[in-house]
Amino acid sequence: MSNEIIPTQQPTYYEEVQRKGYSRRDFLQFVSMMTAFIGLENTAIGQVAKALETKPRVPVIWLHFQECTCCSESFIRSSHPIVADILLDKISLDYTETLMAASGFQAEEAMQNTMKKYKGEYILCVEGSVPTGADGVYCMIGGKTSLQILEEAAENAKAIIAWGSCASNGCVQSAKPNPTNATPIHKLVKGKPVIKVPGCPPIGEVMAGVIVHLVTFDRIPELDRLGRPKAFYSKRVHDTCYRRPFYDAGLYVESFDDENAKKGYCLYKVGCKGPSTYNACGVMKWNNGTSFPIQSGHGCIGCSEENFWDNGRLYERGSSFAGFGIEANADTFGKVALGVTAAALAGHAVMTNVRKKKLIREVEEEGKQNEQALKS
Amino acid sequence: MKTKYLHVHRLRRVYVWELPVRYYHWLNALAILALIVTGFFIADPLALQSKDEAAMRFTMGWVRLIHFIASYIFFFNFLFRLYWGFVGNKYANWRQFIPTSRKFIKEMWTVFKIDILMLRGKEHISIGHNAMAGFIYFLTFWAFLIQCLTGFGLYASMGTWWLPKLFSWVPAMFGGDIMTRQIHHWAMWFFILFAVIHVYLVFYHDYVEGRGEMSSMGGGWKFIEEDVFQNEEHHTPNKVKQ
């Protein structure tokens, strides 16, 4: 059974755009938007447009493991229709469990074909973490474990994109005690560049921006120390938050639905993780730039940060202190320790006066004698 | 009435803490106090009310500014003290902080016996840092290091100067800012507990020994019994060649 449907010469992105019925204007709009998103100058618009016009579309294999598909959902809802129509529709042609038309053996064969035909050229996108517990039985597709599929697909990939917090840092399913041993991609794949695009989900435009960057410049975008593209993850949500002036002014929401909440004060004291979270939510926003969590009156939960699930409670600044029960945070522990210390010192002071009585009296006597010996 | 004076000690004045050490001590104390107070405010700001518009207020901004200024003072002061550990007198020498000899460990035991268990002992405890104190200060230097690393690590993404940016690897090592700021917050409690015990023990030594422990950080001198001095019974925890 042969399923050789992949043409020898891949069409360019622009050809696909035209075929879908978009106008040149739509295309250029899309290009300008993407150029701005990936943080390039105005003058780079031509470069991006040219790349999308001339370069054949990059073959992509998009794998789904332990995830909820919110990354894919976010991607197809990014603000410009071309993102979904071209970048996703076309790239997903090769292989993606969620959206491909083929199923069963045909689908598996399509993946094998892409891997063979575009050896060393295709981009591997991974959505979801890989469970390595119990020999990987928690997530198996077509009789193979996630790890086997990942290793096979990663071997000849040009670059790997880890979509979302699952693939980047394990997300919720790796929360303690991590029963399936959910593992992020970068810990399993060695010797390949892994671009982490964390977030639960990541912003659709950010995802599109990463792909456009790869297509335009033929290399991976500049990454920070944690492997995230600097263009989107170098600023904290806090730094670009429109409520930041209230933070600096010292005006905070004390509880949800209080007077301060109505005034739109800063959500710092009700647990906003914006000051510790690196993402572009404050600038790009969500759903066609409509809003983002803080604008909707809820603090940032830090979904794009590693271990956000275990690292603190959603509605508090401080977090629980490991090993001392869920109600104890660092300050409760500190206060108890302070109390114990004070009690111990008080005990020590009392004991000093008992045990060192002789010594203290000697020093005192000596002083007193000298005082009396001195003439007034 | 000569017998009356049998117990009277003749004390010898010893210059223990040099001026730079005293400057370091008080600058450090001030910086730590400022850092703890502002740090608590930053972690859990007070619900201050005002009729002013937000644009006219900068409460958190000022508190953070004080925290950052104090952190720079603390950091450079710390570096200076490390330097002084190599060029200062024998009591300031770095060897008095690290238990590297049997002598050092033996004195730690002596201090434990006399000051904590309050047993009687005839041994002489060092006039500078005693061995136990020296070792605890060694631990505080590690705490200083942790606070500098995590603090400047958190500051790295906000700062424009190259110095804080040198610390940007720290949050990356802990997997992000959330964990880093928690470590920063936990470590602060070490400073609070240390300060309480430290101040208590200064009172304790002054009270029990009457050798000018408390004022030594002002004038720099402590006092030692004449016979101890004459018999060369007094030592530092570790030997220093000078």
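**Helix α7 of chain B**

Modeller: In α7(B), the buried residues are Asp177(B), Ile178(B), Met179(B), Thr180(B), Arg181(B), Gln182(B), His184(B), His185(B), Met188(B) and His205(B). This is a predicted model, where local features need pLDDT of at least 70, side-chain atom pairs count only at pLDDT 80 or more, and totals for chains, interfaces and linings use all residues. Residues are numbered from 1 along each chain as its sequence is written, with chains lettered from A and ligands numbered from 1 in the order in which they are written.

Biologist: What makes Met188(B) count as buried?

Modeller: A residue is buried if 20 or more other C-beta atoms, placed from the backbone, lie within 10 Å of its own. Met188(B) is on the buried list, so it passes that cut-off.

Biologist: What do the buried residues of α7(B) pack against?

Modeller: They pack against α14 (330–355) of chain A, plus α1 (19–43), α4 (131–156) and α6 of chain B.

Biologist: How many residues are in contact between the chains?

Modeller: Contact means C-beta atoms, placed from the backbone, within 7 Å. By that rule, 40 residues of chain B are in contact with 41 residues of chain A. On chain B's side, α7(B) gives the largest share, 16 residues.

Definitions and conventions
Contact = placed C-beta atoms within 7 Å. Helix = DSSP H or I, 4+ residues; strand = E, 2+ residues; numbered from the N terminus. Buried ≥ 20, exposed ≤ 12 C-beta atoms within 10 Å, placed from the backbone.
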